[in-house]
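Have the sequence and the 3D view open as you read.

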Protein chains: 2
Amino acid sequence: MRLTRYSDYALRVLLYLAANPERLSTINEIATYHSISRNHLMKVVHQLGSLGYIDTLRGKGGGIRLAHKPSEIVVGDVIRNTEENMEIVECFTPGNSTCVILPGCHLKNALNEALESFLATLDLYTLADFL
Amino acid sequence: MRLTRYSDYALRVLLYLAANPERLSTINEIATYHSISRNHLMKVVHQLGSLGYIDTLRGKGGGIRLAHKPSEIVVGDVIRNTEENMEIVECFTPGNSTCVILPGCHLKNALNEALESFLATLDLYTLADFL
């Protein structure tokens, strides 16, 4: 059971920015710091921008920074937004399930409930808790 | 975020056996019913046997059946046993983390706590709840 690498990187970017509140950071710098692919990171940063988590200042001397205080960025929300899907087993994918017991299966509900517990726990934390 | 296909299949096997308590079932029959690979299923069944969830009767007329009542098989336990690992992000893998903030990172604790909430929710259910 695993979060996507995408969510992992998103959390690392946000934590990095939260730890450097006084200045703009660059994708290159974060890629080097974390030894992760700049290309991967560009996608992550782009989405974090679209989601309103970070501001991008273009041009010379530009860079990225958090668009909100760390205490306002809830970890559960970040995961909800960055996980491509929360399809914890095949039958959660609409129209793509081969499971013949699905119509009468209440296990799906239990797994959904467990997933909600997972996210609800992460809703108790903001980035500020990890600085 | 996803459970392994392995866990998915394990749950399907157990539910199948729970729904057919009066007789022995065969791997072929379950593979056909769920349209899943017999080879995959053999591994799953073998492990479920090793874990004590199912009994195997060999020979002509043999087959498999639950080794316990459905009400005694806790879903959270099954997942704990069948998930290859619970390494929800890279840094959970011992000795394999590239994350430079790991030594001071409390996010890992929060993710662990969230994972525990996930499993604790599934501990509230046994196979009997899904029949």
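## The hairpin in chain B

B:Gly59 takes a positive phi near 90° in the hairpin of β1(B) and β2(B), where five residues sit between the strands. This is a predicted model, in which local features need pLDDT of at least 70, side-chain atom pairs count only at pLDDT 80 or more, and totals for chains, interfaces and linings use all residues. Residues are numbered from 1 along each chain as its sequence is written, and chains are lettered from A and ligands numbered from 1 in the order in which they are written.

The two strands, β1 (residues 54-57) and β2 (residues 63-66) of chain B, run antiparallel and are joined by four bridges; strands pair if DSSP finds at least two bridges between them. Strands here are DSSP runs (E, at least two residues), and helices are H or I runs of at least four, numbered from the N terminus. B:Leu57 stands opposite B:Gly63 in β2(B).

B:Ala67 is in the loop between β2 and α4 (75-82) of chain B. It touches B:Gly52, B:Tyr53, B:Ile54 and B:Asp55, leaving aside residues up to four places away in sequence; contact means C-beta atoms, placed from the backbone, within 7 Å. B:Ala67 and B:Gly52 are 15 residues apart in sequence, with their C-alpha atoms 6.7 Å apart.

## Where the chains meet

On the chain B side, 35 residues are in contact with 35 residues of chain A. Elements giving two or more residues to that side are α1 (5-19), α2 (27-34) and α5 (107-122) of chain B. α5(B) gives the most, with nine residues.

## Confidence

The predictor gives the complex an ipTM of 0.85 and a pTM of 0.86.

Methods
Two residues are in contact if their C-beta atoms, placed from the backbone, lie within 7 Å.
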